[in-house]
Amino acid sequence: EDAERVELGDATLMPGLMDMHVHLTSDATKHGYKRLSVSLPRAAITGVKHAEDTLMAGFTTVRNVGAPGFADVALRDAINAGDVPGPRMFVAGPSLGVTGGHCDSNLLPYEYEQYSEGVADGPWEVRKAVRRNIKYGATVIKFCATGGVLSKGTKVGAQQYTLEEMKALVAEAHLRGLTVATHAHGTSGIKDAIRAGVDSVEHVSLLDDEAITLALENGTYFSMDIFVTEYILGEGEKAGILEESLNKERMVGKRQRENFEKAVKAGVKMVFGSDAGVYPHGDNGKQFARMVKFGMTPIQAIQAATIHPATLLKQQDTLGSLSEGKYADMVAVPGNPLEDMQKMEDIRFVMKDGQIVKTLAM
């Protein structure tokens, strides 16, 4: 009823947007050693601001793929209780990974004995870690299959978990009805993750033809954050990103964009994943124009942020389109984004679950 009283004018109305790769409790201005100064309570409180920024940008649903201390679970519960504004959240809790891998904390020397809480080695340990995350409220499982750009001391293309470990992890998550996302830049890690049955692969920088074939055969989704390289290389040094990480991004950023275009042309299922938290929350929509620049049609880019994420999360009956019986999540932009995708950076109207949370003149 409220929507009928809003004058949309010359605007385009569409389903609420969905971002499948965010870190709401992470601060884009604090990377590298700066992150050691951020306490868990402070990160959770910062997440409240980031949640509102994300919602105001038109993203009514997000998948939070990694947060220490189950801070994302607490944030989700606060949003659901109506205590703070924010998007609908599917949350992973602590990301799982090998000792010394991308999902570990490698900044301090041995005598500090610092490990990330998601570290788990071996098939039964990873099953136990999945069970623990579910116990404390995770609704998605996230693990690191390869090294990464922003982690100290990891090789971005090197596989970390073995295929045996990945199969155990995915089987445990699927047994409990959860979907699985994996961080994977390197080619062998991408392929073994797909073989293990993951639901989506994140980043997917160093593809080959076999990886694309495997994704097509298995119905695996790719979530490729092709905007974030601009922030890392432009603002990253000031934010504390290590020179080692900047060099890794210089190596993979261009190749990731080339492989994004290759995967799109091949028909791989794609979802919108920004990696907001590496860059500022609320700027998520800037990726739309890059997705079109590097191979998608405008409607494909919008579908990657609406119906495809809903299907990935197995929520297509309640999310992803403007259909009777679904949650009333809607956004509007001035003009026609199919003619100019930068319109997706100018969300003027946001409704989440039938409640108007933002309305500006069109």
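**Burial and backbone features of the predicted model**

Arginine 257 is buried, with a relative accessible area of 13% (buried: under 20% relative accessible area; exposed: over 50%; partly exposed in between; 1.4 Å probe, protein chains only). The structure is a predicted model, in which local features need pLDDT of at least 70 and side-chain atom pairs count only at pLDDT 80 or more, while totals for chains, interfaces and linings use all residues. Residues are numbered from 1 along each chain as its sequence is written, and side-chain values use heavy atoms, with hydrogens and water left out.

Arginine 257 lies in helix α8, residues 243–266 (helices are DSSP runs of H or I with at least four residues, strands runs of E with at least two, numbered from the N terminus). A polar atom of the arginine 257 side chain is 2.8 Å from the backbone oxygen of isoleucine 226. Residues up to four places away in sequence being left out, arginine 257 touches Ile226, Phe227, Thr229, Glu230, Arg290 and Phe294 (contact: heavy atoms within 4.5 Å).

Tyrosine 279 is placed in the loop between β9 (269–271) and α9 (287–293). This tyrosine counts as buried, at 1% relative accessibility. Its contacts, again without residues up to four places away in sequence, are Ala28, Phe227, Val228, Tyr231, Ser274 and Asn284. Between tyrosine 279 and glutamate 230 the C-alpha to C-alpha distance is 9.2 Å, with 49 residues separating them in sequence.

For the protein as a whole, 11 helices and 12 strands are assigned. Of its 362 residues, 57% count as buried. Along the principal axes, the C-alpha atoms fill a box of roughly 60 × 45 × 45 Å. Among contacts between residues at least 6 apart in sequence, 69% join residues at least 24 apart.

Methods:
Polar contact = N/O pair within 3.5 Å; in protein donor to acceptor, adjacent residues only side chain to side chain.
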